[in-house]
Amino acid sequence: MKIKELSTLEKEIMSYIWQYKSCTVAQIHQNLKDKYAYTTIATITNRLLDKGVLIRRKHERGFKYLPKVSEVQYAKKIARSLISSFLSTYGESAFVSFAEGIDELPQKQKKHLLSILKLKNKK
């Protein structure tokens with residue numbers, strides 16, 4: 001399933017839904033009412049449905065929204081998409097830049113990344 005990158009407002013609403021697992025537009029609005037109108041939140045939840053990151057379930061006289069993908073799954077899919085696009089656009093220079101960037105990481109992150117790359121290389 002291809003997932004599109006989320007806007008800042010979409011990410012803010014998804015963060016709330018990921019945190020609470022299931023909620024109504026009214027519950028989201030209660031949390032964000034100082035920033036956004038109820039209708040804005042309702043519109044954005046519909047966009048999130050269209051983007052495939054939410055599920056809508058009938059609840060009383062309205063709907064509850066649940067995440068279709070976890071925050072980690074979403075982040076991985078977006079990262080893969082960005083990396084794929086970057087590599088297809090810039091080719092070998094993208095690999096070289098990535099490899100050079102590893103040396104600039106803090107030692108703990110560098111060690112962790114290299115261990116992941118070694119595990120993936122063995123498969």
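## Tyr16 and the aromatic pairs

Y16 is buried, at 11% relative accessibility. Buried means under 20% relative accessible area, exposed means over 50%, and partly exposed lies in between (1.4 Å probe, protein chains only). Y20 is partly exposed, at 44%. The model is predicted: local features need pLDDT of at least 70, side-chain atom pairs count only at pLDDT 80 or more, and totals for chains, interfaces and linings use all residues. Residues are numbered from 1 along each chain as its sequence is written, and side-chain values use heavy atoms, with hydrogens and water left out.

Rings of Phe, Tyr and Trp (its six-membered ring) pair if their centres lie within 6.5 Å; planes under 30 degrees apart count as stacked, over 60 as edge-to-face and the rest as tilted. By this rule the count is three aromatic pairs. One of them joins Y16 and Y20, with 4.6 Å centre to centre and 45° between the planes, a tilted pair. Y16 and Y20 are about one helical turn apart, because they sit four residues apart in helix α1 (residues 8-20). Helices (H or I, at least four residues) and strands (E, at least two) are DSSP runs, numbered from the N terminus. W18 and Y74 also pair: their ring centres are 5.9 Å apart and their planes lie at 40°, so this pair is tilted. It links distant parts of the chain, with W18 in helix α1 and Y74 in helix α4 (residues 71-90), 56 residues apart. W18 and Y74 are both buried.

## Charges over the ring of F63

A charge sits over a ring if NZ of Lys or CZ of Arg is within 6 Å of the ring centre and within 35 degrees of the ring normal. The ring of F63 has the charged end of R56 over it, 4.6 Å from its centre. K58 also lies over the face of F63, at 5.1 Å from the ring centre.

I13 belongs to helix α1. It is buried, at 0% relative accessibility. Contact means heavy atoms within 4.5 Å. Setting aside residues up to four places away in sequence, I13 touches I28, L32, I41, I44, T45 and L48. C23 is 10 residues from I13 in sequence, and the C-alpha to C-alpha distance is 11 Å.

T45 lies in helix α3 (residues 38-50). T45 is buried too, with a relative accessible area of 0%. Apart from neighbours within four places in sequence, T45 is in contact with I13, V25, I28, L54 and Y65.

## Salt bridges

Side chains of opposite charge can pair when their charged atoms come close. A salt bridge is a side-chain nitrogen of Lys or Arg within 4 Å of a carboxyl oxygen of Asp or Glu. The count by this rule is three salt bridges. E10 pairs with K51, and the closest N and O atoms are 2.8 Å apart. This bridge links distant parts of the chain: E10 is in helix α1, K51 is in the loop between α3 and β1 (54-59), and they are 41 residues apart. E10 is buried, at 3% relative accessibility.

K35 forms a salt bridge with E12, at 2.6 Å between the closest N and O atoms. K35 lies in the loop between α2 (25-32) and α3, and E12 in helix α1, so the pair ties together parts 23 residues apart in sequence. K35 is exposed, with a relative accessible area of 53%. E12 is partly exposed, at 22%. D103 and K110 meet in a salt bridge as well, at 3.2 Å, N to O. D103 is exposed, at 56% relative accessibility, while K110 is buried, at 19%.

## K11

K11 is in helix α1. It is partly exposed, at 37% relative accessibility. Not counting residues up to four places away in sequence, K11 touches E5 and L6. K11 and L48 are 37 residues apart in sequence, with 9.6 Å between them in space, C-alpha to C-alpha.

## A nonpolar surface patch

Patches are made of residues with over 30% relative accessible area and no salt bridge; like charges are joined within 9 Å, and nonpolar side chains (Val, Leu, Ile, Met, Phe, Trp, Tyr) within 5 Å. F98, L114 and L117 form a nonpolar patch on the surface, with about 250 Å² of accessible area together. Accessible areas come from the Shrake-Rupley method with a 1.4 Å probe; for residues, only the protein chains shown count as cover. L117 lies in helix α6 (residues 107-122). L117 is partly exposed, at 37% relative accessibility.
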